[in-house]
Amino acid sequence: NALIGKEPQNARIMLQQLSEYLRNTLKKEDKDLIFFQEELEDLRLYLSIEKVRFGHRLTIEEHIQENCGAMKIPPFLLQPLVENAVKYGLYGTIGAVEIHIKAFLEADFLSFIITNPYDPEAVTPKGTGFGLESIKRRLYLLFARNDLLTIKPNWEVRKDNPYFLAQIKIPVNPA
């Protein structure tokens, strides 16, 4: 809404991206599994919307192993992690923020890792923890395991700033 008056062209781009994102979401609603590549494309679309909002302040660095795209995963599992990274990495800061996304196969898992800057003393929107809790519950319901989501605040210090890490391991050959 704020973009409409100031930057109508960016508002139009953002609205088109949002429409495409919502259409993709509706298409996946009844699917049990989708290709990781589909989920990644939706994540990129979501992040392009956020880039319109935050402009030069948001940079995304991706390291996606090529063979991950053909893996089947449950839909909507990764988006809450990406949304958290944007929310807690950007809100409450005024500088540029770099979010790192990494996906690779290891043993019988597709591993998806996202890291974002984390300042434990910054004033950020108070979350309810619902997103992470729902991912944890969903992973348990799908795979009957409690060890597939890892959260590490203050995981690594880069340029004197701590980073927050979230990792999901998705079994690619569930029993």
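Guide: Start with exposure: buried means under 20% relative accessible area, exposed means over 50%, and partly exposed is in between (1.4 Å probe, protein chains only). This is a predicted model, where local features need pLDDT of at least 70, side-chain atom pairs count only at pLDDT 80 or more, and totals for chains, interfaces and linings use all residues. Residues are numbered from 1 along each chain as its sequence is written, and side-chain values use heavy atoms, with hydrogens and water left out.

Visitor: Why is Asp147 called partly exposed?

Guide: Its relative accessible area is 46%.

Visitor: What makes Arg145 and Asp147 a salt bridge?

Guide: A salt bridge needs a side-chain nitrogen of Lys or Arg within 4 Å of a carboxyl oxygen of Asp or Glu. Here the N to O distance is 2.8 Å. That is within 4 Å, so the pair counts.

Visitor: Why is Ser111 called buried?

Guide: Ser111 has 0% relative accessibility. The limit is under 20%, so Ser111 is buried. Ser111 is found in strand β5 (residues 109–117). Strands (E, at least two residues) and helices (H or I, at least four) are DSSP runs, numbered from the N terminus.

Visitor: What makes the link between Ser111 and Gln167 a polar contact?

Guide: A polar contact is a pair of N or O atoms within 3.5 Å; within protein, one must be able to donate a hydrogen and the other to accept it, and residues adjacent in sequence count only if both atoms are side-chain atoms. The side chains of Ser111 and Gln167 are joined at 2.5 Å. Gln167 is in strand β7 (residues 161–171). At 11% relative accessibility, Gln167 is buried too.

Visitor: How do you know that the span of helix α5 agrees with its length?

Guide: The expected span is 1.5 Å times one less than the number of residues. Helix α5 (residues 130–143) has 14 residues, so it should span 20 Å. Its end C-alpha atoms are 20 Å apart, which agrees.

Visitor: Which residues of α5 are buried, and what puts them on the same side?

Guide: They are Ile135, Leu139 and Phe143. They cover an arc of only 35° around the axis, so they share a side of α5. The arc is that of the directions from the helix axis to the C-beta atoms. On the other side, Phe130 and Leu141 are exposed.
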